[in-house]
Amino acid sequence: MADDGEAEALRGRQLAASAFFEGVPERVVRHVARHAVERRVEDGDTLFFKGDPGDFIAVVTAGHLYKILYGPEGQELIVDSIGPGESVGETALLDQGRRSFTTVAYGPATVLVLARRHFGALVAEPAMIERAYAVLCARLRRAVDSLETMCLHRLESRLARHLLNRMDDASPAAPDRFEVTLPPTQSILAAMINASRPKLNAQLQRWHRAGLVSRRRNTLRINDIDLFRCKAQLGCRCAGTVVARGGDRA
């Protein structure tokens, strides 16, 4: 029993620290901690498939999950990344529709899963519903930005915009240098911007040869942030710089 109590207390701390339960009354967090089940998934494991019933919500406590859409010939489009402290499948709190994407682990991950039969205390709490809507609105804005980027911008601009969005909020290491943590593989990055891996690699190599970026392991350093914003077609401040409009679409 002591072990169960310690495990529940740990789940409570993890949930209280998560963005999804920010501002939610403690009693609701305790309810989730009491009834949530820890689930560990390995690299490539699926948490749920598109079309599955929305019968649970989950909060990631370790590792990363990706939301994926698959094309008719097996193409992958990664539409979002879910990290520690973030929720997945929260639309189940608001309706009983089926899942609109597939969720897959890239690398080992741990999630706390709450089944629908325990939703009562959450849906009865206005702060919880308000929080769920806030999360969904933020994701909708990201989805619209992603749709604009993928449909209306060429590869170079798509890639630059995506990397700027991934940039850490921390201060840059030097006044003219900014760092971006890349996904584990180029295949994942390609699926995030709807590009082929060879063309993605070619674009990165062009930037590297031009001195715009440098790379060490899984970290990409942007050496000229103003020029990089020009490439992304975001508030260009590099006077006199000609931004090429050609390039590959995919």
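Me: Why is Asn194 called partly exposed?
Reply: This is a predicted model, so the value is computed from predicted coordinates. Asn194 has a relative accessible area of 41%. Buried means under 20% and exposed means over 50%. The value falls in between, so Asn194 counts as partly exposed.

Me: Where is Asn194 found, and what is its phi?
Reply: Asn194 sits in the loop between α6 and α7. Its phi is positive, about 60 degrees, although Asn194 is not a glycine.

Me: Is Arg217 buried or exposed, and how do you know?
Reply: Arg217 has 76% relative accessibility. The cut-off for exposed is over 50%. Arg217 therefore counts as exposed.

Me: Where does Arg217 lie, and what is its phi?
Reply: Arg217 lies in the loop between β10 and β11. Its phi is near 55 degrees, a positive value in a residue other than glycine.

Me: How do you know that β10 and β11 pair?
Reply: Count the bridges. Pairing needs at least two bridges between the strands. β10 and β11 (residues 219-222) are joined by 4. They therefore pair, and they run antiparallel.

Me: What makes β9 and β10 edge strands?
Reply: The sheet is open and has 3 strands, in the order β9-β11-β10. Its pairing is antiparallel. β9 (178-181) and β10 (213-216) each pair on one side only, and that makes them edge strands. From one strand to the next, the twist averages 25 degrees.

Me: What holds paired strands together in general?
Reply: Strands of a sheet pair through backbone hydrogen bonds.

Me: What makes the set around Leu159 a nonpolar core?
Reply: Two conditions apply: the nonpolar residues must be buried, and their side-chain atoms must join within 4.5 Å. The largest set of this kind has 23 residues. Leu159, Leu163, Trp207, Ile222 and Phe228 have the most contacts inside it. As residues of a nonpolar core, these five are therefore buried, under 20% relative accessible area.

Me: Which elements supply this core?
Reply: At least two residues each come from α5 (155-166), β9, α6 (186-193), α7 (197-210), β11 and α8 (225-231). The largest share is that of α5, with 5 residues.

Me: How many cavities are there, and why is the largest one counted?
Reply: The search of the whole structure takes cavities of 30 Å³ or more, and it finds 1. The largest cavity holds about 40 Å³ of space. A cavity is space where a 1.4 Å probe fits but cannot get out.

Me: What is the class make-up of the cavity lining?
Reply: The lining has 10 nonpolar residues, no polar and no charged ones. Among them are Leu15, Phe21, Val32 and Ile57. The elements giving two or more residues are β3 (56-62) and β8 (109-115).

Me: What makes a pocket a pocket, and how much space lies in the largest one?
Reply: A pocket is an open set of points, whereas a probe in a cavity cannot get out. About 1300 Å³ of space lies in the largest pocket. Its lining has 46 residues, with Ile78, Val79, Asp80, Ser81 and Arg142 nearest the centre.

Me: Which classes and elements line that pocket?
Reply: By class, the lining has 21 nonpolar, 12 polar and 13 charged residues. β4 (65-70), β5 (76-82), α4 (126-152), α5 and α6 each give two or more. α4 gives the largest share, 10 residues.

Conventions: Residues numbered from 1 in each chain as written. Predicted model: local features only at pLDDT ≥ 70, side-chain atom pairs only at ≥ 80, totals over all residues. Heavy atoms only, no water. Axes fitted to C-alpha atoms, helices over the stretch in contact; angles between N-to-C directions. 1 Å grid on protein atoms, 1.4 Å probe; cavity = no way out; pocket = protein on both sides within 12 Å on 5 of 7 lines; lining within 4 Å. Points joined across faces, edges and corners; volume = space filled by probe spheres on them. Nonpolar A, V, L, I, M, F, W, Y, C, P; charged D, E, K, R; others polar. Buried < 20%, exposed > 50% of the residue type's maximum accessible area, 1.4 Å probe, protein only.
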